[in-house]
Amino acid sequence: MRDGDVGERGAEDYFPSGEFQESATSTKIPCEPAMRIGHGYDIHKMLPRDEPEGWGKCTPQPAVIGGVAFEDFPLGVVAHSDGDVVYHSTTDAILGALGLPDIGQLFPDNDPRWRGANSEQFFDEAVRLMGLRGYRIGNVDVTIIAEKPRLAGRKADMKENIVRICDTIPARVNLKARTHEKLDSVGECRALECHVCVLLEKA
């Protein structure tokens with residue numbers, strides 16, 4: 001493994017060891033506040049699916065966004081796993097809220113086990129760690145930025161997937177999609193990206 005990689009389940013070693021810790025001024029502060037906020041971001045290159053080679057040894061795969069496959073879309077996502085920017089961003093938002101290593105440290109892109117992997121595995125692990133720490137979803141706010149494919153007709157399916165994996169209710173999950181007004185790599189259909197903000201609350 002590379003420096004910093006912790007491997008699956010290694011994140012538990014980063015849990016606080018006690019109920020309180022002392023600040024620099026010796027003030028006792030609870031390790032687990034009532035609420036925690038996290039932000040996640042991901043971007044992936046897109047290339048025609050008939051490109052012989054995309055990035056390194058990764059070739060474009062059918063676009064998967066929020067657990068929804070766009071099999072008929074002619075561009076593919078270049079990634080080690082399935083490249084789901086929504087699941088990756090939400091995973092990182094939860095891990096960040098918990099103060100844990102990021103998705104790249106837990107599921108390194110040089111590990112052959114994750115080649116072409118369904119990103120729901122990563123998302124599931126973040127939710128498991130959240131539960132172990134005694135938290136649940138307060139709310140999740142997702143913003144997908146992509147010129148294409150058109151997402152409006154599939155947003156409900158994406159939201160349903162997030163609600164299911166987070167073991168929460170629809171009222172606590174919001175999913176938005178916008179274009180990049182044909183600017184930069186996203187607007188030119190050379191990439192797609194996603195931002196996620198998550199609020200966790202003590203269960």
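These notebook entries record what I looked up in a predicted model.

**Basis.** I number residues from 1 along each chain as its sequence is written, and side-chain values use heavy atoms, with hydrogens and water left out. Because the model is predicted, I take local features only at pLDDT of at least 70 and side-chain atom pairs only at pLDDT 80 or more, while totals for chains, interfaces and linings use all residues.

**Helix H1.** I took helices (H or I, at least four residues) and strands (E, at least two) as DSSP runs, numbered from the N terminus. The 13 residues should span 18 Å, and the end C-alpha atoms are 18 Å apart, which agrees. I then checked burial (buried under 20% relative accessible area, exposed over 50%, partly exposed in between; 1.4 Å probe, protein chains only). In H1, 12 of the 13 residues are buried, including Tyr87, His88 and Asp92. Just after H1, I noted a positive phi of about 70° at Gly99.

**Ser89.** I looked up this residue within H1 and found Ser89 buried, at a relative accessible area of 0%. With contact meaning heavy atoms within 4.5 Å, Ser89 touches Gly40, Tyr41, Asp42, Cys194 and Val196, residues up to four places away in sequence not being counted. A polar atom of the Ser89 side chain lies 3.2 Å from the backbone nitrogen of Asp42.

**Sheet.** I traced an open sheet of seven strands in the order E5-E4-E6-E3-E9-E7-E8, with mixed pairing; two strands pair if DSSP finds at least two bridges between them. Strands E5 (68-70) and E8 (173-178) stand at the edges, each with a single partner strand, so one side of each has no neighbour in the sheet. E4 (residues 61-65) and E5 run antiparallel and are joined by three bridges; in one of the pairs I looked up, Val64 has Ala69 of E5 as its bridge partner.

**Salt bridges.** I counted a side-chain nitrogen of Lys or Arg within 4 Å of a carboxyl oxygen of Asp or Glu, and the structure holds 11 such salt bridges. Glu32 and Arg36 form one, with their closest N and O atoms 3.1 Å apart; Glu32 is partly exposed at 24%, whereas Arg36 is buried at 14%. Glu188 and Arg190 meet at 2.7 Å, N to O. Glu71 and Arg49 meet at 3.9 Å, N to O. That pair links distant parts of the chain, 22 residues apart. I also recorded a network of salt bridges linking Glu12, Glu125 and Arg128.

Methods: The expected span of a helix is 1.5 Å times one less than its number of residues. A polar contact is a pair of N or O atoms within 3.5 Å; within protein, one must be able to donate a hydrogen and the other to accept it, and residues adjacent in sequence count only if both atoms are side-chain atoms.
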